[in-house]
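Please keep the sequence and the 3D view at hand while reading the points below.

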Amino acid sequence: MTQPTAKTPAADANAPAPVPESKRAAASTVSRPRTGVWWRHALALVALVWALFPVMFILSAALNPAGTLSASSPLPQHFSGKNFSDLFASTTFPFWTWFRNSLLVAGLGTVFQVFIGAAAAYAFSRLRWSGRRPGLMGLLLAQMFPALLAFPALYIMFLRIGEVLPAIGLNTLWGLLLVYLGGAMGANVWLLKGYFDTIPKEMDEAAKMDGASHARIFFTMTLRLVAPILATVGILAFVMLWGEFLLASIFLLDQDQRTLGVGLYSLNAADRNRYFGMFSAGALLASIPRCWSTCPCRSSSSAG
């Protein structure tokens, strides 16, 4: 009998290397035609058109020289700044006064809300005192009730306060600002406290050994370490205060005291067809601060 001949090394070198199973599966996946993907792109396109349609309609109405709702079209056909000039020149509807009031309320409200929330979060995160846990649970429980329940009580309260202190009563920006500050210790405290808890407490203990007080630690060290979450809370507070309408419409009655949202609503309610072009122009200008505060390019540029 003849013995089976063994394979020579040269023959093994010329043999093709086996292809791993994972590479064969990947090659088959790549070569296989992808079906059923077009509808996803079509759905995204429909959603994009649906989202941009109101913006295009408002832009078209703002640039339409006719300035009426009946003459407006979904796409811009005429380009004119007549609605903007009419809005700026109007004495019945003081647009720049409304804009200034909104900037005042939103700007000061944002600063004070961030400060109050940061101070409360520091106390809940760093200090140990009786009532700390019930206080946190009370803040969480208060957020479960809608804010509309407090509107009648706030109206009557500031109506009575205005009889004693007219500067902070009903139909005043300072009274509205006080109401906004009353709701500062809400969800912001929980958001800030969660970020404060990530800072090592050993840093506070080291600062105390050097003779630093709680106020010095808070202002000179902690606030610098939690700057990202302060910026986030500030943006959220500004967007909320800039677009707040319900409470402002209840508190502010005179034209010169109204914020931008309430003022534009009164302009639209006066004659919806006649002033629709001016309303659209004001709505475009009112969206600029809000879009600028939430623009992602600002955060990416600052991070870079």
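1. Helices first. A helix here is a DSSP run of H or I with at least four residues, and helices are numbered from the N terminus. By that rule Ser249 is found in helix α13, residues 246-251. Please note that the model is a predicted one.

2. Overall make-up. The protein has 16 helices and zero strands. Its chain holds 304 residues, and buried residues make up 34% of them. The accessible surface comes to about 19,000 Å². Carbon and sulfur atoms account for 68% of that surface.

3. Contacts along the chain. Take the contacts between residues at least 6 apart in sequence. Of these, 71% join residues at least 24 apart.

4. Back to Ser249. Is Ser249 buried, partly exposed or exposed? Its relative accessibility is 28%, so Ser249 counts as partly exposed. Buried would require under 20%, and exposed over 50%. Tyr265 is 16 residues away from Ser249 along the chain. The C-alpha atoms of Ser249 and Tyr265 are separated by 9.2 Å.

5. The largest nonpolar core. This core has 37 residues. Which residues have the most contacts inside it? They are Leu247, Phe251, Leu260 and Leu267. Helix α15, residues 276-293, gives the most to this core, with six residues.

6. Phe251 and its partners. Set aside the neighbours within four places in sequence. Phe251 is then in contact with Leu154, Phe158, Leu170, Asn171, Gly175, Leu176 and Val179.

7. Asn171, one of those partners. Asn171 lies in the loop between α7 and α8. Its relative accessible area is 16%, so Asn171 is buried. The phi of Asn171 is near 65°, a positive value in a residue other than glycine. Most residues other than glycine have a negative phi. A reader checking the backbone may wish to look at Asn171, given its positive phi.

8. Leu165, in the loop between α7 and α8. Helix α7 covers residues 151-164 and α8 covers 173-182, with Leu165 in the loop between them. Leu165 counts as partly exposed because its relative accessibility is 46%. Leu165 and Gly175 are 10 residues apart along the chain, and their C-alpha atoms are separated by 10.0 Å.

9. Salt bridges. How many does a search of the whole structure find? It finds three. They are taken in turn in the next points.

10. Arg126 with Asp204. The closest N and O atoms of this salt bridge are 2.5 Å apart. The pair links distant parts of the chain, with the two residues 78 residues apart. Arg126 is in helix α5 (residues 95-126), and Asp204 is in helix α10 (residues 201-209). Are these two residues buried or exposed? Both Arg126 and Asp204 are buried.

11. Asp86 with Lys82. The closest N and O atoms of this salt bridge are 2.9 Å apart. Both residues lie in helix α4, residues 82-89. They are four residues apart, about one turn of the helix. Asp86 has 29% relative accessibility and so counts as partly exposed. Lys82, at 40%, also counts as partly exposed.

12. Asp197 with Lys193. In this salt bridge the closest N and O atoms are 2.9 Å apart. Asp197 is partly exposed because its relative accessible area is 38%. Lys193 has a relative accessible area of 11%, so Lys193 is buried.

13. A nonpolar surface patch. The patch covers about 640 Å². Leu45, Leu48, Val49, Leu52, Val55, Met56 and Leu75 make it. Leu52 is found in helix α3, residues 38-63. At 44% relative accessibility, Leu52 counts as partly exposed.

14. Helix α12. This helix has 17 residues, 227-243. From its first C-alpha to its last, α12 reaches 24 Å. That is close to the 24 Å expected at 1.5 Å a residue. Which residues of α12 are buried? They are Ile229, Leu230, Val233, Gly234, Ala237, Phe238, Val239, Leu241 and Trp242.

Key:
Residues are numbered from 1 along each chain as its sequence is written. This is a predicted model: local features need pLDDT of at least 70, side-chain atom pairs count only at pLDDT 80 or more; totals for chains, interfaces and linings use all residues. Side-chain values use heavy atoms; hydrogens and water are left out. Buried means under 20% relative accessible area, exposed over 50%, partly exposed in between (1.4 Å probe, protein chains only). A salt bridge is a side-chain nitrogen of Lys or Arg within 4 Å of a carboxyl oxygen of Asp or Glu. The expected span of a helix is 1.5 Å times one less than its number of residues. Patches are made of residues with over 30% relative accessible area and no salt bridge: like charges are joined within 9 Å, nonpolar side chains (Val, Leu, Ile, Met, Phe, Trp, Tyr) within 5 Å. Accessible areas come from the Shrake-Rupley method with a 1.4 Å probe; for residues, only the protein chains shown count as cover. A nonpolar core is a set of buried Ala, Val, Leu, Ile, Met, Phe, Trp, Tyr and Cys residues joined through side-chain atoms within 4.5 Å. Contact means heavy atoms within 4.5 Å.
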